[in-house]
Amino acid sequence: MPKISFIVPVYGVEKYIHQCVDSILGQTYTDFELILVDDGSPDNCPQICDEYAAKDARVTVIHKKNAGVSEARNTGIDAASGEWAYFVDSDDWIELDACEKLMRDAEQTGADCIMSDCVIMADTYQKRLHQFSQIFFTDDPETIQSIQKYVLCHKFSPYYVKGLSNGYAAPWGKFVKLSIIKDNHIRFDPYAKGVFDDGVYSLYLLNHVKKFYYNDEHTYNYRIVGSSLTHAFKPVSVDILKRNSELVRRFIAETGKDHTFVVAEANREVAFLTSQLSKYFFNPKNPKTRSERYAELKKTLGEEPFSSAIRNCEIKYLEDQHKYSAVCMKAKFLFGLELYAKLKMRFR
C-alpha cells in the first residue's frame with residue numbers, strides 16, 4: 001500500500017496537465033500512487049494521461065463519462081489505496097518537496113489532517129496566501145470547530161489573517177488520512193455543481209478530524225485560469241448558491257452545530273451574493289435589461305436562503321469589501337448594490 005494517494009480530476013487542461021503531473025512524479029518523496037481521473041475531457045488529456053501511465057507504474061488512469069469535478073474526485077477516492085489523500089487540481093502544480101514536508105509534519109505531530117500554504121498564480125500577478133497567522137497544532141474540539149467555521153467565514157478563524165477574503169474550503173489545501181474519508185463515507189456532492197462542494201466536503205471532513213496541524217510552508221501553486229468555473233460569468237450562479245447553501249444548512253442541522261455556525265454560513269452567503277453583483281447581476285455580459293436585473297435581484301434578496309442569510313449575518317464578521325453591500329442588502333437599497341458592482345468592475 002502506498003503512503004500517499006494523489007487524486008487529480010482531469011478535464012480540458014491540455015495546456016497545463018504536463019506541469020501538474022510532472023510536479024507530482026518529480027516529488028522527492030516517492031512512495032505514492034497517482035490517480036488521474038479523466039472526466040471525459042474533449043482535448044488530448046486522455047491520451048496524455050495514458051502516456052504517463054505507460055511510463056510510470058505509480059500512475060493509474062480512469063476514463064469516465066463527463067459528470068463534473070465532484071464525481072471525478074469521488075471516483076478517485078473510491079480507487080485510492082494509500083494512507084494519506086492529497087487532491088491536486090489538474091491546472092495547478094505542487095512544489096517538488098511538498099510530500100516530503102507533509103510526511104515529515106505527519107510523523108512529527110501525529111496529526112490526521114495537515115494544512116499548508118499556497119501561492120496564487122494569475123496572468124498579471126502572484127500572491128503568497130497564508131491561511132493562519134501562526135503555525136499551530138490542536139487536538140481541541142472547539143478549536144477544530146473554529147476551523148470549520150473559518151471554512152465558511154474567515155473571521156471565525158482561530159488565528160485570523162487580515163486581508164484574506166474567505167476561508168480555505170479547497171480540498172487541495174488539506175493533506176488528510178484517507179481512512180477518515182472512506183470510513184465516514186465523505187464524498188463531494190455533485191448537487192452543488194462544482195461550487196463550494198469542496199467547502200461542504202471540508203466541513204464533513206473536519207467533523208471527524210481529531211488532530212490538526214498547520215504549517216505555513218509553501219507546498220501548492222493555485223492557478224487562476226480565465227475560464228475557471230469560479231471566475232466565469234454563469235447565468236445559473238444564484239441557483240448554484242442556493243444549492244450549496246442547502247447542503248451547508250443540512251450539515252449544520254445534521255451535526256447539531258450551534259448558532260455561530262448559522263451566522264458563519266449567513267455571512268458566507270452574503271459574501272457570495274456580493275460577488276454575484278459584478279459576476280452576474282450587473283455583469284456587462286448579462287443580456288437582461290437593467291429593469292429585469294433589478295427585478296431579479298429584488299426577488300433574490302427576498303427569497304430563501306438569502307432573506308434569512310441577510311437577516312442572520314453579522315457585519316462585524318464580514319471583510320471590509322462586503323460590509324457596504326451587506327448594509328445595502330439589509331436596507332434593500334438596490335441602486336447602492338449596482339453602484340458597488342460597477343465600482344468593483346472598474347477598479348478590479
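Asp183 lies in helix H6 (residues 178-183). Helices here are DSSP runs of H or I with at least four residues, strands are runs of E with at least two, and both are numbered from the N terminus. The model is a predicted one, in which local features need pLDDT of at least 70 and side-chain atom pairs count only at pLDDT 80 or more, while totals for chains, interfaces and linings use all residues. Residues are numbered from 1 along each chain as its sequence is written, and side-chain values use heavy atoms, with hydrogens and water left out.

Asp183 counts as exposed because its relative accessibility is 58%. The cut-offs are under 20% relative accessible area for buried, over 50% for exposed and partly exposed in between, with a 1.4 Å probe and protein chains only. Asp183 and His208 are 25 residues apart along the chain, and their C-alpha atoms are separated by 9.9 Å.

Helix H7 (residues 197-206) is mostly covered, with 9 of its 10 residues buried. Among them are Asp197, Asp198, Tyr201 and Leu205. The axes of H7 and helix H5 (residues 141-152) come within 10 Å and cross at roughly 175°. Such axes are lines fitted to C-alpha atoms, for helices over the stretch in contact, and angles run from 0 to 180 degrees between N-to-C directions. H5 is therefore roughly antiparallel to H7. That term covers angles over 145 degrees; under 35 is roughly parallel, 65 to 115 roughly perpendicular and the rest oblique.

On the H5 side, the contact (heavy atoms within 4.5 Å) is made by Ile144, Ile147, Gln148, Val151 and Leu152. H7 supplies Gly199, Ser202, Leu203 and Leu206. By class, this contact has 6 nonpolar, 3 polar and no charged residues. Ala, Val, Leu, Ile, Met, Phe, Trp, Tyr, Cys and Pro count as nonpolar, Asp, Glu, Lys and Arg as charged, and the others, Gly among them, as polar.

Strand E10 (residues 212-223) is also mostly covered: 10 of its 12 residues are buried. Strands pair if DSSP finds at least two bridges between them. E10 pairs with strand E6 (residues 113-121) in the parallel sense over 8 bridges. There, Asp117 has His218 of E10 as its bridge partner. Strand E8 (residues 136-138) runs antiparallel to E10, joined by 3 bridges. Phe136 is bridged to Tyr214 in E10. Strand E5 (residues 93-94) pairs with E10 in the antiparallel sense over 2 bridges. Trp93 stands opposite Asn221 of E10.

Elsewhere, strands E2 (residues 32-38) and E3 (residues 59-63) pair in the parallel sense over 5 bridges. Asp38 has His63 in E3 as its bridge partner.
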